[in-house]
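Hi everyone, thanks for coming. Today I'd like to walk you through one structure, so please have a look at it with me.

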Amino acid sequence: MELIPESTDLMDYLKELDVVNFSHPLIQKKINELFHEGQSEMEKAKIAFEFVRDEISHSWDIQSTRVTCKASEVLYYKEGICYAKANLLAALLRSQGIPTGFCYQRLMLFDTPDQGYSLHALNGVFLKSLNRWIRLDARGNKKGIDSQFSIDEEKLAFTPQEEFDERDYPIIYAKPHPKTIAVLEEHTDALEMYKNHLPEYL
């Protein structure tokens with residue numbers, strides 16, 4: 001699938017946002033722990049991705065009711081659903097001058113269509129050394145999910161099954177989709193939110 005940036009201006013993918021708040025002291029502290037000047041852009045992207053994938057728990061996997069949204073909250077509590085984790089990865093990479101956007105898939109919420117669908121969030125990252133965008137999914141690995149940092153063949157958490165009306169959206173957005181932020185801001189129980197209130201379409 002050809003990825004389509006929403007904006008042709010890479011600066012749009014470097015901006016600080018309310019939920020991508022990389023100036024926050026907590027995030028600045030983590031930035032100083034993760035990155036140093038000798039690292040290449042590619043190394044920084046891989047380090048940030050693996051940190052968010054492995055060190056930030058997915059709320060559903062740990063059956064936590066806590067809802068996080070802003071990157072600083074996700075880092076503080078070390079948990080969040082995919083929308084929240086995408087905010088944190090964007091914050092870490094944007095802080096390093098690596099353009100990072102938001103991508104989406106429509107997936108079955110559980111195992112069968114009758115259990116409903118949801119939007120799943122991941123990140124689009126522009127690597128200047130490759131002069132192209134790649135997608136990274138820091139959702140978090142578990143049995144049946146093996147998402148990796150890969151610059152050639154995508155190794156994402158999920159491959160949409162079109163026969164079940166799942167789909168990949170090709171757009172790389174400069175900001176998180178409003179529906180995804182709204183659902184995080186409107187709910188206080190992550191498990192109930194996850195089961196019943198996640199948006200199904202962009």
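**Salt bridges and a helix pair**

Let's start with R106, which is buried, as its relative accessible area is 2%. Buried here means under 20% relative accessible area, exposed means over 50%, and partly exposed is in between, using a 1.4 Å probe and protein chains only.

Before going on, a word on where this comes from. This is a predicted model, where local features need pLDDT of at least 70 and side-chain atom pairs count only at pLDDT 80 or more, while totals for chains, interfaces and linings use all residues. Residues are numbered from 1 along each chain as its sequence is written, and side-chain values use heavy atoms, with hydrogens and water left out.

Now, which residue does R106 meet in a salt bridge? The partner is E200, at 3.3 Å from N to O. By salt bridge I mean a side-chain nitrogen of Lys or Arg within 4 Å of a carboxyl oxygen of Asp or Glu. R106 sits in strand 4 (residues 100-108) and E200 in the segment after helix 6 (190-196), so the two are 94 residues apart in the chain. E200 is partly exposed, at 35% relative accessibility. For the record, helices (H or I, at least four residues) and strands (E, at least two) are DSSP runs, numbered from the N terminus.

The whole structure has 13 salt bridges. Another of them joins D61 and R139, whose closest N and O atoms are 2.8 Å apart. D61 is in the loop between strand 2 and helix 3, and R139 in the loop between strand 6 (132-136) and strand 7 (167-173), so this pair ties together parts that are 78 residues apart in sequence. R139 is buried at 4% relative accessible area, whereas D61 is partly exposed at 31%.

There is also a network of salt bridges linking K29, K30 and E33.

Two packed helices are described by the angle and the distance between their axes. The axes of helix 1 (residues 25-34) and helix 4 (residues 82-95) come within 11 Å and cross at roughly 65 degrees. Axes are lines fitted to C-alpha atoms, for helices over the stretch in contact, with angles from 0 to 180 degrees between N-to-C directions. Which residues make the contact (heavy atoms within 4.5 Å)? Helix 1 gives I27, K30, I31 and L34, and helix 4 gives L88, A91, L92 and S95.

Definitions and conventions: Contact = heavy atoms within 4.5 Å.
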